[in-house]
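Here is a short report on one protein model.

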Amino acid sequence: MMKQSKIFVVAICLTAVFLNPLTASALPRSLAELKDIPDELTQTGIVHGDIPSINTYTILPMNEALMSLEPDDPVFIVPLPDAVHIYPQKVLVWHEVVNEVIKGEPYCISYSPLSGSLAVYYARADQQNLIFDADGRLFNSNTTLIDRNTGSLWSQIWGMAFDGPLKGTGLNILPCYWTRWKYAREVYRDVENVKVMQTPRGGFRNYNRDPYGSYLIPEDNYYNDERILYPLKYLDTRMYPKTQIIGLEIDKNLVGIDINYVRKQKVVNFFSGLVPLVAIYDAELDVARIFMRSIWDGKPPALFAWRDGQIQDIVTRSVWNAQGRCVQGNLQGASMVEKFGIYAFWFAWAAANPETSTVPGESVVPDSALDFGSSIGKVLP
């Protein structure tokens with residue numbers, strides 16, 4: 001009964017995202033900044049049409065999907081208005097784009113293998129439902145997208161058109177989670193309205209072989225060695241190049257959050273500009289979640305710590321879960337707003353956003369401020 005209750009809470013939280021969308025548009029950039037990008041694209045020998053996007057596919061119910069994937073297969077979880085969708089990375093590595101239309105609304109699930117970038121966008125702009133493909137060219141080793149509607153070129157990592165009739169247009173970022181099948185299947189095993197993409201059968205693509213290597217092999221592998229196969233305008237050395245991060249933009253401030261750092265620390269309080277945030281490790285789904293620490297308007301932001309195997313706020317010692325909800329103590333029933341960004345390798349995020357701050361980094365609240373009994377609001381960025 002306890003397991004079903006936890007799953008029910010997760011399902012409600014994901015559904016609520018679309019009842020009250022928590023989206024953010026791509027960071028505005030000047031047209032002057034965009035104007036040179038078309039001349040700086042890297043030719044790869046792949047042209048538009050060589051990487052076919054997915055527009056229709058077979059959906060597996062969870063009971064059938066349990067037998068179709070290996071436990072450690074990377075999967076992308078995307079809560080959409082009709083259901084929670086689960087896409088295998090081993091499929092998207094060959095296609096890079098899934099175009100979804102749900103209740104007349106368009107969504108673009110995009111994955112750039114070379115930059116490790118997973119981003120989900122609401123694909124409507126200029127009163128058009130956009131259909132996307134991978135163009136074949138790269139910018140900063142990141143996929144260039146092209147929409148079939150206008151032929152505009154888009155940065156996959158920015159979610160912004162940099163050439164064509166829609167130049168300067170940004171798309172809204174939507175929630176997604178990158179995890180492994182063994183975690184997703186446990187969390188969603190008994191949840192209604194879960195749709196798992198079936199691995200295609202036949203054709204010339206071997207969906208059991210990743211052309212770039214494997215996220216499961218620790219060495220001699222593109223995904224975790226130092227190779228960057230195509231040119232970058234800028235290489236930031238604050239993190240190892242292939243560090244997997246969540247890239248977040250809030251109030252025009254950018255931050256790259258080291259997922260493995262959050263996994264080790266369990267709870268990380270930090271700021272993006274003046275915005276107080278906390279990153280929490282969700283062990284059930286094996287993901288880092290980002291929340292606003294301002295729980296109530298007009299009140300100082302909370303600070304959180306990992307104590308005795310629990311997430312607690314340091315003033316009331318109330319207990320919180322990894323979905324940002326207080327489950328025990330004086331603040332029981334309170335919740336935090338979750339914020340969403342994109343997944344990427346550090347080198348790609350920093351090359352696209354050299355002004356980014358980092359976690360770990362100077363924006364992280366020091367441990368000395370997390371002693372129980374401290375006053376909320378002592379720590380300023």
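## Terms and basis

Two strands pair if DSSP finds at least two bridges between them. Helices (H or I, at least four residues) and strands (E, at least two) are DSSP runs, numbered from the N terminus.

This is a predicted model: local features need pLDDT of at least 70, side-chain atom pairs count only at pLDDT 80 or more, and totals for chains, interfaces and linings use all residues. Residues are numbered from 1 along each chain as its sequence is written, and side-chain values use heavy atoms, with hydrogens and water left out.

Five strands form an open sheet in the order 2-16-4-3-15, with mixed pairing. Strand 2 (59–60) and strand 15 (177–180) are the edges; each has a single partner strand, so one side of each lacks a neighbour in the sheet.

Strand 4 (residues 83–88) runs parallel to strand 16, and three bridges join them. Ile-86 has Val-196 of strand 16 as its bridge partner. Helix 6 (residues 181–188) packs on the sheet. Helix 6 touches strand 3 (74–80), strand 4, strand 15 and strand 16. Contact means heavy atoms within 4.5 Å. The direction of helix 6 makes about 105 degrees with that of strand 15; axes are lines fitted to C-alpha atoms, for helices over the stretch in contact, and angles run from 0 to 180 degrees between N-to-C directions.

## Nonpolar cores

A nonpolar core is a set of buried Ala, Val, Leu, Ile, Met, Phe, Trp, Tyr and Cys residues joined through side-chain atoms within 4.5 Å. Buried means under 20% relative accessible area, exposed over 50%, partly exposed in between (1.4 Å probe, protein chains only).

The largest core has 100 residues; Ile-86, Trp-181 and Tyr-188 touch the most other members. Helix 8 (residues 346–352) gives the largest share of this core, six residues. A second, separate core has 14 residues, among them Val-278, Ile-280, Phe-291 and Cys-326.

Beyond four places in sequence, Trp-181 touches residues including Met-62, Leu-66, Ile-86 and Val-196.

## Two buried loop residues

Gln-198 sits in the loop between strand 16 (194–197) and strand 17 (244–250). Its relative accessible area is 18%, so Gln-198 is buried. Not counting residues up to four places away in sequence, Gln-198 touches Thr-58 and Leu-60.

Asn-321 lies in the loop between strand 24 (319–320) and strand 25 (326–328). Asn-321 counts as buried because its relative accessibility is 16%. Asn-321 and Ile-311 are 10 residues apart in sequence and 6.7 Å apart in space, C-alpha to C-alpha.
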